[in-house]
Amino acid sequence: MNDPLRCFLIDDDIDDQKIFSIITEEIDADIVCLFAGDGTEGLAKLNTIEQLPDIIFLDVNMPKMDGVECLQRLKQAERLKDIPVFMYSTTADPETVSATKKMGIEDYIVKPNNINDLVNILSDIYSKYKKRKKSASSG
């Protein structure tokens, strides 16, 4: 049985969640996407789900708990610290980018205005992690 790639988007913008979901479905219908509306909800889901995601996409500006604090907690949690995290935000503040890179993110993605750009970005990421997951499960 093929184990699907799992991604988790933590973002308070429902429209961004829908766009992300539609694009992911277009890229590969087998990818499982989970969503949370802020860092608090995201951590709660991650601490209760059995099958952890292969990739986390994390917005910076959210209510309750912002992405930087959520990232800090992810990296401190034994169960979650090794999951690759991509910051995914409209914020391109150099201090935030630098701080989150020092905290161990895979990359910082500034939300593109063009859907095709997002398709290309996500396609590249999914392709890389599907290959990684496939080689890990066959080895």
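Reader: What does the side chain of D16 make a polar contact with?

Author: The D16 side chain makes a polar contact with the side chain of K111, at 2.5 Å. Keep in mind that this is a predicted model.

Reader: Noted. Where does D16 lie?

Author: D16 lies in helix α1.

Reader: Buried or exposed? I mean D16.

Author: D16 counts as buried, because its relative accessibility is 18% and the cut-off for buried is under 20%.

Reader: And what is D16 in contact with, leaving aside its neighbours within four places in sequence?

Author: With those neighbours left aside, D16 is in contact with L9, D11 and K111.

Reader: Let's stay on α1. How many residues does it have, and how far does it reach?

Author: Helix α1 covers residues 14-27, which makes 14 residues. From first C-alpha to last it reaches 20 Å, close to the 20 Å expected at 1.5 Å a residue.

Reader: Which residues of α1 are buried?

Author: D16, Q17, F20, I23 and T24 are buried in α1. They sit on the same side of the helix, because they cover an arc of only 135 degrees around the axis.

Reader: Why would residues three or four places apart point the same way?

Author: Because an α-helix has 3.6 residues a turn.

Reader: Fine. What is exposed on the other side of α1?

Author: On that other side, D15, K18, I22 and E26 are exposed. For E26 the relative accessibility is 62%, so E26 counts as exposed.

Reader: How far apart are E26 and P63?

Author: In sequence, E26 and P63 are 37 residues apart. In space they are 29 Å apart, C-alpha to C-alpha.

Reader: What caps the N-terminal end of α1?

Author: D13 does: one of its side-chain oxygens lies 2.9 Å from the backbone nitrogen of D15.

Reader: Which residues in α2 are buried?

Author: G39, G42, L43 and L46 are buried in α2. Seen down the axis, the buried residues of α2 fall within an arc of 95 degrees, so they line one face of the helix.

Reader: What do those buried residues of α2 pack against?

Author: The buried residues of α2 pack against strands β1, β2 and β3, and against α3 (67-76).

Reader: Which way do β1 and β2 run, parallel or antiparallel?

Author: Parallel: 5 bridges join β1 to β2, which is residues 32-36. R6 stands opposite V32 in β2. The chain goes from β1 through α1 to β2, and that β-α-β crossover is right-handed.

Reader: And over how many bridges do β1 and β3 pair?

Author: β1 and β3 pair over 4 bridges, in the parallel sense. The bridge partner of C7 in β3 is I55.

Reader: What about β4 and β5, how do they pair?

Author: β4 (residues 85-89) and β5 (residues 107-110) pair in the parallel sense, over 4 bridges. M87 has Y108 as its bridge partner in β5. Between those two strands the chain passes through helix α4 (residues 94-102), and this β-α-β crossover is right-handed.

Reader: Now D54. Where is it found?

Author: D54 is found in the loop between α2 (39-48) and β3 (55-58).

Reader: What does the D54 side chain make a polar contact with?

Author: The side chain of D54 makes a polar contact with the side chain of K133, at 2.9 Å. Leaving aside neighbours within four places in sequence, D54 is in contact with P4, L5, R6, I83, P84 and K133.

Reader: Last one, Q51. Where does it lie, and what is it in contact with?

Author: Q51 also lies in the loop between α2 and β3. Apart from neighbours within four places in sequence, Q51 is in contact with D3 and R6. Q51 counts as partly exposed, because its relative accessibility is 39%.

Reader: How far apart are Q51 and P63?

Author: Q51 and P63 are 12 residues apart in sequence and 26 Å apart in space, C-alpha to C-alpha.

Terms used: Residues are numbered from 1 along each chain as its sequence is written. This is a predicted model: local features need pLDDT of at least 70, side-chain atom pairs count only at pLDDT 80 or more; totals for chains, interfaces and linings use all residues. Side-chain values use heavy atoms; hydrogens and water are left out. A polar contact is a pair of N or O atoms within 3.5 Å; within protein, one must be able to donate a hydrogen and the other to accept it, and residues adjacent in sequence count only if both atoms are side-chain atoms. Contact means heavy atoms within 4.5 Å. The expected span of a helix is 1.5 Å times one less than its number of residues. Buried means under 20% relative accessible area, exposed over 50%, partly exposed in between (1.4 Å probe, protein chains only). The arc is that of the directions from the helix axis to the C-beta atoms. Two strands pair if DSSP finds at least two bridges between them. A crossover is right-handed if, with the strands pointing away from the viewer, the path from the first strand over the helix to the second runs clockwise.
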